Amino acid sequence: MIAFCTYRPTHPASHQQPSIRVRCRDFTFVAFHFLGEDKARDVYDTIKNLTCRIGRLEKLYAFSYQAQGPEKEVNGWKVYDPKKEWKRQGVGAKGRDKGWRITELNENYEYSPTYPASLVVPAAISDNVLNYSGPYRSRVRIPVLTYLHPVNQCSITRSSQPMVGIRGNRNAQDEKLVAAIFSTSKPRSPHSANLAQSTDGTSFTSAEGPTESSTLTTEAMQDEAIAKVSQASDLEDSFQSEEDGDSPRLYGATQHNLIVDARPTVNAYAMQAVGMGSENMDNYRFATKAYLGIDNIHVMRDSLNKVVDALKESDVTPLPPNREMLAKSGWLKHISNMLDGVALIARQVGLHHSHVLIHCSDGWDRTSQLSALSQLCLDPYFRTLEGFIVLVEKDWLSFGHMFRHRSGFLGSEKWFEIENERIGGSRVILADPNASRPGGNAFENALLSAKGFFGKHKNDSRESLVDSDNENGDTQGSRRNSASISRSKGDDKMATKVKETSPVFHQFLDATLQLLHQHPTRFEFNERFLRRLLYHLYSCQYGTFLYDNEKQRMDAKVQERTRSVWDYFLARKPMFMNDQYDSTIDDNVPGKERLIFPDPAKTRWWAEAFGRTDEEMNAPRAQVVPSSLGASTLTGVETADVSIGAGTVETAPNALKNGAAAIAAGLQGLSLSAKTSTMMPRIKSPENVRQEMEVEMQ
């Protein structure tokens, strides 16, 4: 629970008491004052040793905690049953052929150690195809189903980035797998899109009424960008088919199936230098790819550190948090960008009847955020308490997220500091000066990464690639351990790497709260539930979040040796119920629709999570909310024939030169550009290049 600990020694002549000040991970502050220097230093050293020198997860509180009171009667480990959840979605149910099957290829976690044992893939794809397609995806995290829409049978699938590299590698079996995913349901009639929105985008409504015009414009233009680029690609294919003597395609009934790369466009392309990257759409002509400008774990950690700086000392002074520093932290912008991406995915699946494949780099940070939040918007079940537990178990715990690394359960000496070195007579332990930065020198890091890749250096650091979600690491084959956990030579002790910590799950809960505030009658649980869940993420009282994937939990026998965090909530269920909740679902009644959509422009501070009042952090709005909130997070759209957006090599087919100007005009509001010929990337200043590259080359 300790985020930072400061020891303040005093000189005897000052007549002041030495003190220890602790900032906890739930943003509470605790101060200890002592009469004597020796006692204060002894307590400081004890806290530090107990926090930083644990060495193993098995020594954490969860392995000695004994349930008390009503928790004894609850077993939270039984809430999530993957086969039961797949059956609820219609997979494996008798008499309901939806084109999917459950494969046990990963039953022993030998195929993909970070994936769940049960994977859902298209029924047309054999395990042999999966075996050949696996190595093409980072850490063998192939595209698999995570959500199937019950009405239109469209899917949300998730994966990691492909291993494209600078040579443009391709894998026919991966292409076959993605094509089969996008073919599991038939496209709706061309008139079905009219139910979603009119051509000017004025028919979008949320569960609580019409959305503001600014958000309408952004949403409409995002959809139009994807639709026009997809239609342009289809039109080029039709011209080619006519030239080849084939019959022309029918337009209007074609789904705009989407591959969502959560990374900024430049970052995705940069990964090709180290053997990874993003799909070459020449090989995925049946889909459109959208890039979202969601930044990496290092940027998010830096943003949260700036929020902490704005709140620093505010608990011991009558002054409110520094609102200017809060605005400059970029935290709300990051949450807003995430919600904008979620809205895009939810619209594609729920309104435009299309399939969506989501990935970032390794598919366990930004991918988990986008996948889980999109399902919250699409499925009322996940907005119940039980459903939300199932969602977290499925998309975060089962599909894998680096909880023990991102959360830093084993502590770090860099989180301990002694002030006034000369007075205290002790060495000051300061945090790494680069710890709060997204990265060091981008070019040096890129060279080191390339050296590790081309030299094929052995690196036991399982987690870190050169991607935005990682640090330097081996890019070949299967890796075992995460870079967030470093092992000392000669023993099995572990320690936290500060640069691998990041508030990824915190942001997911924050974004969930935004949906709860914007749709207060559509959630069965309340804000207190989310706040206590954030607390228990770091409390280490329960075993739920201590490991990174199913395999690690099975190996550690977590269910036998610890209690589930859901025991706490289910034993106290009335405390976490939302009094405003209305379970009625009726798409003909405004405010009771099945689907809900976020309004990124209304993103607000989760004041309670930071231990502050709403008045301190959210009023007046003009002083708190950056003007960038509500801006589109879409940074690029790409098909086999058309590529537009920042950081892409922008092209348009020869047959569409006359229509390219119309597409470009329609995309001006999204700050995307469309050109009619291949062009070189625009020249940027060294500082801009460094800032864009270092977010990936860490």
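Which backbone nitrogen lies 3.0 Å from a polar atom of the side chain of Thr384?

1. On the basis of the note: this is a predicted model, in which local features need pLDDT of at least 70 and side-chain atom pairs count only at pLDDT 80 or more, while totals for chains, interfaces and linings use all residues. Residues are numbered from 1 along each chain as its sequence is written, and side-chain values use heavy atoms, with hydrogens and water left out.

2. On Thr384: the nitrogen in question belongs to Gly387. Thr384 itself lies in the loop between helix 11 (366-378) and helix 12 (385-398), where helices are DSSP runs of H or I with at least four residues, numbered from the N terminus. With a relative accessibility of 14%, Thr384 counts as buried, a term that means under 20% relative accessible area, found with a 1.4 Å probe and protein chains only. When its neighbours within four places in sequence are left aside, Thr384 is in contact (heavy atoms within 4.5 Å) with Glu524, Phe525 and Tyr581.

3. On aromatic pairs: the count comes to 33, with rings of Phe, Tyr and Trp (its six-membered ring) taken as paired if their centres lie within 6.5 Å, and with planes under 30 degrees apart called stacked, over 60 edge-to-face and the rest tilted. The rings of Phe505 and Phe545 have centres 5.5 Å apart and planes at 50°, so this pair is tilted. The pair links distant parts of the chain, 40 residues apart, with Phe505 in helix 16 (residues 504-518) and Phe545 in the loop between helix 17 (527-539) and helix 18 (550-556). Both Phe505 and Phe545 are buried.

4. On cysteines: a search of the whole structure finds 0 disulfides, a disulfide being a pair of cysteine sulfur atoms within 2.5 Å. For Cys5, which is in no disulfide, the nearest cysteine sulfur is that of Cys52, 9.1 Å away. Cys5 is buried, with a relative accessible area of 0%, and Cys377 also counts as buried, at 0% relative accessibility.

Technical notes. Helices (H or I, at least four residues) and strands (E, at least two) are DSSP runs, numbered from the N terminus. Buried means under 20% relative accessible area, exposed over 50%, partly exposed in between (1.4 Å probe, protein chains only). A polar contact is a pair of N or O atoms within 3.5 Å; within protein, one must be able to donate a hydrogen and the other to accept it, and residues adjacent in sequence count only if both atoms are side-chain atoms.
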